[in-house]
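Colleague: Could you take me slowly through one part of this model, namely a pair of neighbouring helices and the sheet beside them?

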Amino acid sequence: MNDAPRTPLALVTGANRGIGRATAEELARRGHDVVVTYRGHADEADDAVAAIEALGRRAAALRLDIADPADIERFVRELRPGLSSTWGRDTIDVLVNNAGAGADTQLGATSAEVLDHLYATHVRGVYLLTQALATPSSDDPMLADGGSIVNLGTGLTRFVHVGRDAYAAMKGAVGVLTGYWAEQLGPRGIRVNTVAPGPVETQFSGWVGNDAVRQVFAEGTALGRSAVAADIAGVIASLVSPGSAWVTAQRIEASGGYRL
Ligand SMILES: NC(=O)c1ccc[n+]([C@@H]2O[C@H](COP(=O)([O-])OP(=O)(O)OC[C@H]3O[C@@H](n4cnc5c(N)ncnc54)[C@H](OP(=O)(O)O)[C@@H]3O)[C@@H](O)[C@H]2O)c1
């Protein structure tokens, strides 16, 4: 009989770039195999898989549009056989609900379509995917007992940045769901937490390579610099590790002390 501990398996949504990709690589560095999802950039997802494999871990890339309920259903249907064929198992240990996109909104200038899309991406999609993986109607949930969920929140639920009101509200909802899910899934040993980044230099925030913006954020940050994706990845990877086994239902802000 082989009693060797099983390699933990993580699923990170939106892991073809940015915080998701950095998280997938950090988890691999800490001994996880990783399923990365991408929406439109299969080439970037292939790069992420290659980077994880270069770290000595196994990875697979699967397409998922979190804003589309039919695509979530397809994804979940295809995931289990995909896990079986690559890993010889049908469960995951970690779910990182990372995929997301922003939109400029403020009172007086926001359409119903923009609000609907933010909701579909950041709330409905996260809800439906987590529901499908953690609590399917069968007795056979894909998220294993003892597993961990990290939802991406935002510092914008603590401080105000004009033009982000609806996005921040959606992320506020994610924070509320985190507590409810921690309560519901706790008896199975599943922990659920929110990591709330401050401003991070990714395509999402639109200031990649912009020294002037970096400087502005650095000046507003207690630790005196602006953030890169790896700063957030380390927090997520720590939260799903055994060292955080007694942490659940928490919102952990990873902002370097932005706007204290
Ligand atoms: N960067 C920040 O300042 C910041 C701060 C706080 C919180 N966050 C949160 O952190 C998370 C990651 O953001 P990031 O900064 O890494 O952004 P990013 O570099 O733009 O990456 C976003 C990822 O999400 C994917 N995505 C977007 N919409 C999707 C959808 N409908 N279905 C599936 N995948 C989708 C993107 O895929 P495509 O390649 O197809 O677009 C991409 O892989 C997001 O939840 C964001 O709200 C970011």
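What follows is a close look at that one part.

Modeller: Please keep in mind throughout that this is a predicted model. Let us begin with helix 3 (residues 69–87) and helix 4 (residues 112–134), whose axes come within 10 Å and cross at roughly 25 degrees. Because angles under 35 degrees count as roughly parallel, helix 3 is roughly parallel to helix 4. The crossing of these two helices is right-handed. On the side of helix 3, the residues P69, I72, F75, V76 and L79 take part in the contact, and they meet R124, G125, L128, L129, A132 and L133 of helix 4. Sorted by class, this contact of helix 3 with helix 4 has nine nonpolar residues, one polar residue and one charged residue.

Turning now to the sheet, you will find seven strands in the order 3-2-1-4-5-6-7, forming an open sheet with parallel pairing. Its edge strands are strand 3 (59–63) and strand 7 (251–254), each of which pairs on one side only. On average, and with direction ignored, neighbouring strands are turned by 20 degrees against each other.

Helix 3 packs on it, touching strand 1 (9–12), strand 2 (33–38), strand 3 and strand 4, and its direction makes about 160 degrees with that of strand 3. Helix 4 also packs on the sheet, where it touches strand 1, strand 4 and strand 5, and its direction makes about 175 degrees with that of strand 4.

Terms used: Residues are numbered from 1 along each chain as its sequence is written. This is a predicted model: local features need pLDDT of at least 70, side-chain atom pairs count only at pLDDT 80 or more; totals for chains, interfaces and linings use all residues. Side-chain values use heavy atoms; hydrogens and water are left out. Axes are lines fitted to C-alpha atoms, for helices over the stretch in contact, and angles run from 0 to 180 degrees between N-to-C directions. Helices (H or I, at least four residues) and strands (E, at least two) are DSSP runs, numbered from the N terminus. Angles under 35 degrees count as roughly parallel, over 145 as roughly antiparallel, 65 to 115 as roughly perpendicular and the rest as oblique. A crossing is left-handed if the near helix is turned anticlockwise from the far one by less than a right angle, and right-handed if clockwise. Contact means heavy atoms within 4.5 Å. Ala, Val, Leu, Ile, Met, Phe, Trp, Tyr, Cys and Pro count as nonpolar, Asp, Glu, Lys and Arg as charged, and the others, Gly among them, as polar. Two strands pair if DSSP finds at least two bridges between them.
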